[in-house]
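Dear colleague,

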Amino acid sequence: MEFLSQVINGLGIGSIYALVALGYSMVYGIVQLINFAHGDIIMVGAYTVFVILVMMNLPLWLAVLGSILFCGVAGVLIERIAYRRLLVHEAPRISLLITAIGVSIFLQNLYQLLFGSDPKSMPKMFAFAPLQFGGVQLTSSTIINISVSVVMMAGLQLMVNKMKIGKAMRATSEDAGAAKLMGINTNTTIAFTFGIGSALAAVGAVLYCNTYPQIKPVMGGLLGLKAFVAAVLGGIGSIPGAMLGGYLLGVAESLTNAYISSNLTDAVVFGILIIVLLVKPTGLLGKNTREKV
Amino acid sequence: MPVLETKNLGIAFGGLQALQDVHFSIEKGEIFGLIGPNGAGKTTVFNLLTNVYVPTEGVISLDGVNIVGKKTYQITQNGIARTFQNIRLFKDISVIDNVKIAMNYQMKYSVLSGIFRLPSYWKEEKAVTERAYELLKVFHLEEHADDLAKNLPYGQQRKLEIARALAANPKVLLLDEPAAGMNPTETKELMETIALIRDKFKVAVLLIEHDMNFVMGICEHIVVLDYGRIIAEGSAEEVRSNPKVIAAYLGGE
């Protein structure tokens, strides 16, 4: 029973990684960029909640909605300002990567300047009494995290597979040149992808704030890195892969904390990454890119 | 009025004048051939027409409107669609979705009505799916609608490229070596299909092709390029007997 509770706890934490991993994976899928600033979007989302909920003392639903919208717009703006010209002129991927790291450092410092570097504490946002299922206790944040992440992924899958914007995204990701010649505005499509990815990170941020009571300007660093590991673990570019990677990572963390040592958590997480990639370099659900000759 | 017309069209890559003074005009419903030896600049013409390259001089008018400087996707939306010399289908996407992607811009429903599955979403998705199936039927691809594009045999991939281009609802269809790699039977079938497309979809067809039987058999008007300049034009008969064309293809004085 203890074991099962730990696994479920892990799934709860993993849900946050999964939501953030989706953003890495979608952006990578469409422009082959590892957007290292994506982790800091979580921080931006968390601070937006803090500003609206605590500083302005407005209702919770407004804080959640505001955070999602603000991050979505921020994602679009970052793409427009920092990446668009590089993408249009087909700059080497390494330039994009360096720009992404630059954006990340910029955001961290901007928020330190605005809010100071000491942590802010968040009030509990959504809470209800823990549920008991035959000896397994489910906390409110675990239940909320898992259900929100599952709904988000289902929605995203539906959008990518069934809606015209999803088809535009898939076409752009496969062959942007041909997509343009089929009448698709690839720039808008890419901007939209950044927006959706960032909005999902904001949802992750809300769940994070609900799970951990503290936020600080550098919180996006390790969290973003772990979500990135989750995306690679699941197979970067794959939506179900990002989710799977996130859950696995969360469970691994939780089990290490419970049965080995909480000092070793990060070592285990990154150790898993190394082992999985040795065995399956494209990640668990990644596409095998074997060329037909 | 011609549906597509170029005047004084040219492009230089650095010091290399790849195309110079290219002028032709295509009438509605005409099948128009663009031929010439390798490296003559034929595909470059296609790239200029769709603004993949920006011309350094000249005018391209589509239905009387200059389209130079418009973005590639806008030009497609305005009525020029193309296929590629080396097939560029969306390989990991199903056959039917390849076709529907080219219809994307013709669908107007908003993201919100997509998320909430409002009636406008269903109506448009249904209409587009039906049209996509009709197009696939023209090319006998309807049985493969749900296969991934990369799993089709070569000849059918070529057909799917044409179907996808037609889905963009063009006034002018550009075909870059549509018969490349096809056997004589397939080539003959393709000629019939192109004639059928012209009649059924009322499009003008501009095609690049090396197979002379194909070009001479189907094109009503032919332009011959060599070293980036037009060296001859006219009907198949006129072009075939033009000494400059013979020289360009066979070498000589």
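Two residues are said to be in contact if their C-beta atoms, placed from the backbone, lie within 7 Å. On that definition, 22 residues of chain B are in contact with 16 residues of chain A. On the side of chain B that touches chain A, helix 2 (72-78), helix 3 (95-103) and helix 4 (111-115) of chain B each supply at least two residues, where helices (H or I, at least four residues) and strands (E, at least two) are DSSP runs, numbered from the N terminus. The residues of that side of chain B divide into 9 nonpolar, 6 polar and 7 charged, with Ala, Val, Leu, Ile, Met, Phe, Trp, Tyr, Cys and Pro counted as nonpolar, Asp, Glu, Lys and Arg as charged, and the others, Gly among them, as polar.

Please bear in mind that this is a predicted model, in which local features need pLDDT of at least 70 and side-chain atom pairs count only at pLDDT 80 or more, while totals for chains, interfaces and linings use all residues. Residues are numbered from 1 along each chain as its sequence is written, and chains are lettered from A and ligands numbered from 1 in the order in which they are written.

Turning to chain B itself, there is an open sheet of 4 strands in the order 2-1-4-5, with antiparallel pairing, where two strands pair if DSSP finds at least two bridges between them. Strand 2 (16-26) and strand 5 (65-66) of chain B stand at the edges with a single partner strand each, so one side of each is left without a neighbour in the sheet. Strand 4 (residues 57-62) of chain B pairs with strand 5 of chain B in the antiparallel sense over 2 bridges, and B:Val65 in strand 5 is the bridge partner of B:Leu62.

Chain A, for its part, has a secondary structure of 11 helices and 4 strands. Buried residues make up 51% of its 293 residues, a residue being buried if 20 or more other C-beta atoms lie within 10 Å of its own, exposed if 12 or fewer, and partly exposed in between, with C-beta atoms placed from the backbone. The C-alpha atoms of chain A fill a box of roughly 60 × 50 × 35 Å, taken along the principal axes. Over residues 60-82 of chain A the chain is 100% helix and 0% strand, with the end C-alpha atoms 32 Å apart.
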